[in-house]
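User: I'd like to learn how to read a protein model feature by feature. Could you walk me through this one?

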Amino acid sequence: MAFFMDKMTVKEMNEAMEKTKTVIIPTGVVEQHGFHLPLSTDILNSTKPLELAHDRLNAIVAPSVNYCFSGGELLGTVNVSPNTFGLYISEIVSEFIRMGFENIIVFLGHAGTDNIKALKNSLQMLLRRNKEMSEKITLSLVEAWNLSPTWLSGFAMEPEHDFHAGMMETGLMMYWAPELVKTEFVMDDDYTSKMMRTDQDWFEKKTKPVDSPFIVETVGQRDEIKVGVMGFPERATKELGRKICDEIIENLCNYVDMLEEHRKNK
């Protein structure tokens with residue numbers, strides 16, 4: 001069973017660590033998800049599966065880290081520098097290693113090209129600069145969507161894909177927090193919506209004061225984006241969300257069991 005740190009005492013932590021040396025750190029972001037989903041969508045992507053898996057997940061669950069880097073700039077989005085986020089998670093990971101955990105899983109409910117790149121770099125550098133530590137622990141970066149073949153199939157749709165606030169995320173929200181899902185799906189204009197479904201990084205606007213390869217670009221959000229949906233939310237169903245959630249839980253629990261078995265056999 002899962003143990004949730006935010007409800008535990010020191011004594012209960014000691015007792016839990018006699019049963020598992022795996023800790024999961026859920027991470028999300030406060031970010032726009034169109035006009036139909038709440039700003040907490042990516043937070044729920046990482047916390048809800050852990051709550052629903054409580055009866056079979058053999059791990060301690062840390063309180064979630066709810067701020068990182070989106071890159072979007074619509075109202076309600078809170079951006080924390082990717083490098084700051086990466087270093088912050090590294091500090092948290094280091095503390096769990098100090099406590100005696102041997103399997104540390106950073107569980108992502110939010111993607112973002114810059115966000116994940118910076119996080120991976122920080123965690124790799126943590127291990128690289130602490131070789132002795134890296135021989136004693138496993139450090140995992142697990143994205144929720146990579147545990148679900150159904151969710152991944154949305155990214156692979158052709159010719160346009162289902163990304164941010166689309167069919168998959170809307171289906172998940174319909175399953176675990178239907179009261180937060182609005183019934184009207186508002187989209188950007190047809191061209192903007194199509195381009196965002198074609199390339200998840202199309203939303204970025206890059207400018208230079210001088211046209212030279214030596215000039216560092218300024219990156220922001222395209223002015224024409226008003227809603228920010230990158231997918232097909234109108235195709236979502238509660239049943240789809242349940243299927244994705246079941247896949248996440250099954251594969252995450254199996255992964256934790258494998259890590260714990262490896263630890264015991266070392």
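Analyst: We'll go through the sheet, the helices, the core and the salt bridges in turn. This is a predicted model, so local features need pLDDT of at least 70 and side-chain atom pairs count only at pLDDT 80 or more, while totals for chains, interfaces and linings use all residues. Residues are numbered from 1 along each chain as its sequence is written, and side-chain values use heavy atoms, with hydrogens and water left out.

User: Let's start with the sheet. What is the order of the strands?

Analyst: The general idea is that strands of a sheet pair through backbone hydrogen bonds, either parallel or antiparallel. Here strands are DSSP runs of E with at least two residues, helices are runs of H or I with at least four, and both are numbered from the N terminus. Two strands pair if DSSP finds at least two bridges between them. In this model, five strands make an open sheet in the order S1-S3-S2-S4-S5, with parallel pairing. S1 (3-4) and S5 (138-143) are the edge strands with a single partner each, so one side of each has no neighbour in the sheet. S1 pairs with S3 over two bridges, in the parallel sense, and Phe4 has Val61 of S3 as its bridge partner.

User: Which strands does helix H3 lie across?

Analyst: For contact, look for heavy atoms within 4.5 Å. For direction, axes are lines fitted to C-alpha atoms (for helices, over the stretch in contact), and angles between N-to-C directions run from 0 to 180 degrees. H3 (residues 82-99) lies across S2 (22-27), S4 (103-108) and S5, and runs at about 160° to S2. H4 (residues 113-128) also packs on the sheet, where it touches S4 and S5, and its direction makes about 175° with that of S5.

User: Is helix H2 mostly covered or open?

Analyst: Buried means under 20% relative accessible area, exposed means over 50%, and partly exposed is in between (1.4 Å probe, protein chains only). H2 is mostly covered, with nine of its twelve residues buried, including Ile43, Leu44, Pro49 and Leu50. You can check its length too: the expected span is 1.5 Å times one less than the number of residues. For H2 that should give 16 Å, and the end C-alpha atoms are 16 Å apart, so the two agree.

User: Which residues touch the most other members of the largest nonpolar core?

Analyst: A nonpolar core is a set of buried Ala, Val, Leu, Ile, Met, Phe, Trp, Tyr and Cys residues joined through side-chain atoms within 4.5 Å. The largest one has 68 residues, and Ile24, Leu57, Ile89, Val93, Ile104 and Phe107 touch the most other members. Helix H9 (residues 238-264) gives the most to this core, nine residues. Another core lies apart from it, with seven residues, among them Trp202 and Met230.

User: How many salt bridges are there?

Analyst: Side chains of opposite charge can pair when their charged atoms come close. The rule wants a side-chain nitrogen of Lys or Arg within 4 Å of a carboxyl oxygen of Asp or Glu, and the count comes to nine. In one of them, Glu250 meets Arg56 with the closest N and O atoms 2.8 Å apart. That pair links distant parts of the chain, since Glu250 is in H9 and Arg56 is in the loop between H2 (41-52) and S3 (60-61), 194 residues apart. Glu250 is partly exposed at 38%, and Arg56 is partly exposed at 33%.
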